[in-house]
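Hi there,

Here is the structure I promised to pass on. Have a look at it first, and my notes follow below.

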Amino acid sequence: AAKRYKYLRRIFHFRQMDFEFALWQMLYLFYKPQQVYRNFQYRKETKAQFARDDPAFLVLLALWLVISSAGFSVSLGIHFWGFVKFLLYVIFVDLIAVGIVIATGLWYVSNKFLIKPAYRNQDVEWGFSFDVHLNAFFPLLIILHFVQLFVYHIFIEKEWFVSTWFGNTLWLIALGYYIYITFLGYRSLDILHRTHYFLYPFTVLILLYISTLCFNWNLSRSLMWFYKNRVL
């Protein structure tokens, strides 16, 4: 609790944050995500915790959420208060609420079933599990809430099968990133075994991807409809 309080208090002290390092982590999450978790190991050795103690990554993630939400607002043609409502939904539902559910579930499973017998006196920090979620969420955010916007109206929203294929492939890549980065996070913990279980959702993901193509179900168009008719 004391560590979490110190972490939250530092959010208001920008001069104490290492934004350059946080940006480096964001870039590495795309092409060398395992490198990010090596730093988590170093933090455990030097500060006795895996979870981040610098909120710079969270602050930059929030900035990306504002930018991507503004782009969505323009794409959906909504007014300023609609943008505020959409931004709050993305932050408190898509990022935080969903993240808490996933992080808590994986934290429980890890501590209950995956701790090596020799390390029963140790456990996975909940803060680490939430950090893993934030790491995995960033590529997903950039692909689905940023890159996709540049081609949505001119290509993805069309009724063509190739549009469905392209849009759904972006979803496949984004969710694939989420699963793989989550797997890397838990694999980096020496106290866990059987971490390959975290890769099993790939099977479900591939089956769902094939099914959506068979039914020509455009996931990107469904997402836009949901945000415009259920959130706003």
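Helices here are DSSP runs of H or I with at least four residues, numbered from the N terminus. Please keep in mind that this is a predicted model: local features need pLDDT of at least 70, side-chain atom pairs count only at pLDDT 80 or more, and totals for chains, interfaces and linings use all residues. Residues are numbered from 1 along each chain as its sequence is written, and side-chain values use heavy atoms, with hydrogens and water left out.

N216 is not a glycine, and its place is in the loop between helix 9 and helix 10 (219–231). Most residues other than glycine have a negative phi. N216 counts as partly exposed, at 30% relative accessibility (buried is under 20% relative accessible area, exposed over 50%, partly exposed in between, with a 1.4 Å probe and protein chains only).

R194 also has a positive phi without being a glycine, near 60 degrees. R194 sits in the loop between helix 8 (161–187) and helix 9, and is partly exposed at 35% relative accessibility.

As for helix 9 (residues 201–214), its buried residues are L205, Y209, T212 and L213. They lie on the same side of helix 9 because they cover an arc of only 100 degrees around the axis, taken from the directions from the helix axis to the C-beta atoms. T203, L207 and C214 are exposed on the other side.

Best wishes

Key: Helices (H or I, at least four residues) and strands (E, at least two) are DSSP runs, numbered from the N terminus.
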